[in-house]
Amino acid sequence: MTAPAAPVGVADRRTLLVRVPATSANLGPGFDTLGLALSVYDELEVTALPEGELEIEVTGTGADEIPRDASHLIVRTIRYCFDAVGRTAPGLRLVARNGIPHGKGMGSSGAAVAAGVLAAKGLLGRESGGDVELTDTDLLRLATEVEGHPDNVAPALFGGLTIAWTEHGLPKHKKLLVHRGVAPVVFVPDRTMSTSAARSVLEAAVSREDAVFNVSRSALLIAALTQSPDLLLSATEDKLHQQQRAQAMPETSALVGALRERGFAAVVSGAGPSVLVLADGPGRRLEAAEVVAQTAAGPWQSLMLAVDFLGGTVRAAADANLEVPSGL
């Protein structure tokens, strides 16, 4: 990250277009470590205004629940990034079109944070008249500082399958390409679950046996997702968090169990209550949807998705046909 002393100018900035994918974290055994980008998106137009001004428009999922003031997560994230590099944030006009379900375990807050750091990258960069260039390392660090953990923001920023970890106090990630035979489907209920509530039921310590079990399954899951989709059922077994969360979302736990009994690699998506199935082929997704229709209590929306390989993008509104990924 380079930050020359000259003040950043905002008068002639263009409108920026930001798009970020949904994500599913944990993927069964990879608790707080593994994340997968999925082909549902939040889109954002952000324009710099004179300092102190703020305009927010929101449409799409969760629009009625989202604040239109400075507490908006994207606004807070943009301002955090400007403060972090010693710059004064401009006024902002945000036009958000939300496609990612809120409170359903598909990374909606991580997507908002990723959108905020990407917007800040665009506003601070030289192409917009700024003087600060944020690197991929900077983006992940800033996003993790706002979100609190990197497992959702890493795939939202960079796409694909990501492994996230902390080294010497700094978040890091490795992006992997997913085998083309892996076909995700997410089953979304009409209820929500907060991440803090889902975390509150977890135990402070685990047994060595359970830790070794999850280490082995996490290693196997990388192989299954990148090379051998036929191993996905065994690779998605978990003993660290899903059973502990069952009391908080019994319908989700029951559906995961019903799908796994029929041979589907089903897991709680993120903190829930949605269920992610990593099918080993598009046809198997339809079979999974039939199981859900026959066994699930209450309505569940089926989202037949692809793995998003691009990750978050930011571009000038004038360059509507050009998408620039945040990193490779």
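Contacts between residues 24 or more positions apart make up 73% of the contacts in the protein chain with a separation of 6 or more. The model is predicted. Its protein chain holds 9 helices and 11 strands, and 52% of the 328 residues count as buried. The accessible surface of the chain is about 13800 Å², with 52% of that area belonging to carbon and sulfur atoms.

**Packing of α2 and α3**

- Two packed helices are described by the angle between their axes and the distance between the axes.
- Helix α2 covers residues 108–124 and helix α3 covers residues 136–147; they pack at an angle of about 135 degrees, and their axes are 9 Å apart.
- The two helices, α2 and α3, are therefore oblique to each other, since angles over 145 degrees would be needed for roughly antiparallel.
- The crossing of α2 past α3 is right-handed.
- On the α2 side, the contact is made by Ser109, Gly110, Val113, Val117, Leu118 and Lys121.
- On the α3 side, Leu139, Leu142, Ala143, Val146 and Glu147 take part.
- Sorted by class, the residues in the contact of α2 with α3 are 7 nonpolar, 2 polar and 2 charged.

**Prolines in loops**

- Proline 273 is in the loop between β8 (266–268) and β9 (275–279).
- The peptide bond joining glycine 272 and proline 273 is cis, with omega at about 10 degrees.
- Proline 299 sits in the loop between α9 (282–295) and β10 (300–304).
- With a relative accessibility of 56%, proline 299 counts as exposed, because the cut-off for exposed is over 50%.
- Leaving out residues up to four places away in sequence, proline 299 touches Val188, Pro189 and Asp190.

- Leucine 27 lies in the loop between β1 (16–26) and β2 (30–49).
- Phi of leucine 27 is near 55 degrees, which is a positive value in a residue other than glycine.
- Leucine 27 has a relative accessible area of 0% and is buried, because buried means under 20%.
- Histidine 168 is found in the loop between β5 (161–167) and β6 (170–176).
- Histidine 168 also has a positive phi, near 55 degrees, and is a residue other than glycine.
- The relative accessibility of histidine 168 is 78%, so histidine 168 counts as exposed, whereas leucine 27 is buried.

Note on methods
Residues numbered from 1 in each chain as written. Predicted model: local features only at pLDDT ≥ 70, side-chain atom pairs only at ≥ 80, totals over all residues. Heavy atoms only, no water. Helix = DSSP H or I, 4+ residues; strand = E, 2+ residues; numbered from the N terminus. Buried < 20%, exposed > 50% of the residue type's maximum accessible area, 1.4 Å probe, protein only. Contact = heavy atoms within 4.5 Å. Areas by Shrake-Rupley, 256 points an atom, 1.4 Å probe, with all protein chains shown as cover. Axes fitted to C-alpha atoms, helices over the stretch in contact; angles between N-to-C directions. Parallel < 35°, antiparallel > 145°, perpendicular 65-115°, else oblique. Left-handed = near helix turned anticlockwise from the far one by under 90°. Nonpolar A, V, L, I, M, F, W, Y, C, P; charged D, E, K, R; others polar.
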